[in-house]
Amino acid sequence: MKIIPLASESLGVRSLATYVKIGKTGILIDPGAALGPKRYSLPPAKAELEALMKARERIQSYAKKADIVTISHYHYDHHTPFFEGIYESSSPEKAREVYEGKILLIKHPKENINFSQRKRAWNFLKEAEKIAKKIEYADGRFFDFGEFIMEFSPAVSHGSEGTKLGFVIMVMVDDGTKRLVHASDIQLLNRKAVEWIIKQMPDILITGGPPTYLEGYRVKDAWNTGLKNLNEIIKETNAQVILDHHLIRDKRYLEFFAQLEKDPLTFARFLKREDKPLEAYRKELHKIEKGEDAELPFKI
């Protein structure tokens with residue numbers, strides 16, 4: 001099994017897109033990338049727009065190699081929709097390249113889904129059904145591809161139980177020597193997701209961290225809950241953790257890392273690159289664009 005992170009907050013965009021190669025089969029997980037339209041009441045900086053362009057190109061490149069595409073839910077940073085988006089990695093042409101001729105294993109579009117995602121799923125499927133090789137609703141299902149197996153979790157909350165953000169599905173991939181769990185947007189905040197991950201006993205866990213940058217605004221106790229749950233997963237599974245996405249929008253993410261039982265990697269660090277959490281430093285990036293002085297912990 002070869003794991004190739006494609007796009008994420010540590011690489012400058014909102015995403016958790018991942019490519020997995022097993023033998024001759026390519027699996028593309030959550031093929032989307034986007035930017036937060038507003039952060040600190042500011043639009044994306046030029047550096048973020050450039051990072052989005054690179055993320056789009058990388059996802060498109062690996063989409064050409066993929067046989068299977070999975071979608072955990074219908075937020076635009078997790079799938080490429082069939083429209084032209086300024087802050088999303090999307091266009092009808094790009095979407096066709098991602099999904100045409102592929103086996104799609106996707107979140108159920110009508111069950112355990114909120115209104116906005118149900119609408120997005122409908123818009124996605126009316127086009128995807130025309131071009132995909134096969135579409136399967138994957139919630140809670142097991143698939144045997146011979147060289148490897150894939151198992152999907154039942155739908156779990158996108159964050160804390162009762163959240164208005166809807167539901168997501170996680171995926172486990174096992175090639176007989178290595179077991180990967182990709183746990184997108186669970187935010188490490190609900191018990192069902194944590195228990196499912198531990199049950200899978202992954203060797204590698206790719207997961208989005210808690211949205212600590214929203215603490216006291218949209219979420220409560222995200223830091224402590226996320227920390228407790230991830231430490232439990234580490235203790236029970238001893239998995240190598242690749243931790244990225246929502247948490248990296250918080251400048252304090254390295255403080256969170258320091259409180260874990262085992263050092264995690266970001267996507268950037270997995271690729272032996274420097275973390276570039278551009279969104280977290282949007283204020284500074286805008287100042288630099290204006291020719292003003294601002295300090296960044298990374299190079300642009």
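**Notebook: sheet and cavities**

I began with the sheet: six strands make an open sheet of mixed pairing, in the order S1-S2-S3-S4-S5-S6. I take strands as DSSP runs (E, at least two residues), numbered from the N terminus, and two of them pair if DSSP finds at least two bridges between them. The edge strands, each pairing on one side only, are S1 (2-8) and S6 (134-137). The twist averages 15° from one strand to the next, with axes as lines fitted to C-alpha atoms and angles running from 0 to 180 degrees between N-to-C directions.

A note on the source: this is a predicted model, where local features need pLDDT of at least 70, side-chain atom pairs count only at pLDDT 80 or more, and totals for chains, interfaces and linings use all residues. Residues are numbered from 1 along each chain as its sequence is written, and side-chain values use heavy atoms, with hydrogens and water left out.

Next I looked up S1 and S2 (residues 16-22): they pair in the antiparallel sense over six bridges. Ser8 stands opposite Leu16 in S2.

Then I turned to cavities, meaning sets of points on a 1 Å grid over the protein atoms alone where a 1.4 Å probe fits but cannot get out; lining residues have an atom within 4 Å of a point. Grid points are joined across faces, edges and corners, and a volume is the space filled by probe spheres set on the points. I found two cavities of 30 Å³ or more in the whole structure. The largest has a volume of about 60 Å³, and among its 14 lining residues Glu9, Gly12, Val13, Arg14 and Glu279 lie nearest its centre.

How values were computed. On a 1 Å grid over the protein atoms alone, a cavity is a set of points where a 1.4 Å probe fits but cannot get out, and a pocket is an open set with protein on both sides within 12 Å along at least five of seven lines; lining residues have an atom within 4 Å of a point. Helices (H or I, at least four residues) and strands (E, at least two) are DSSP runs, numbered from the N terminus.
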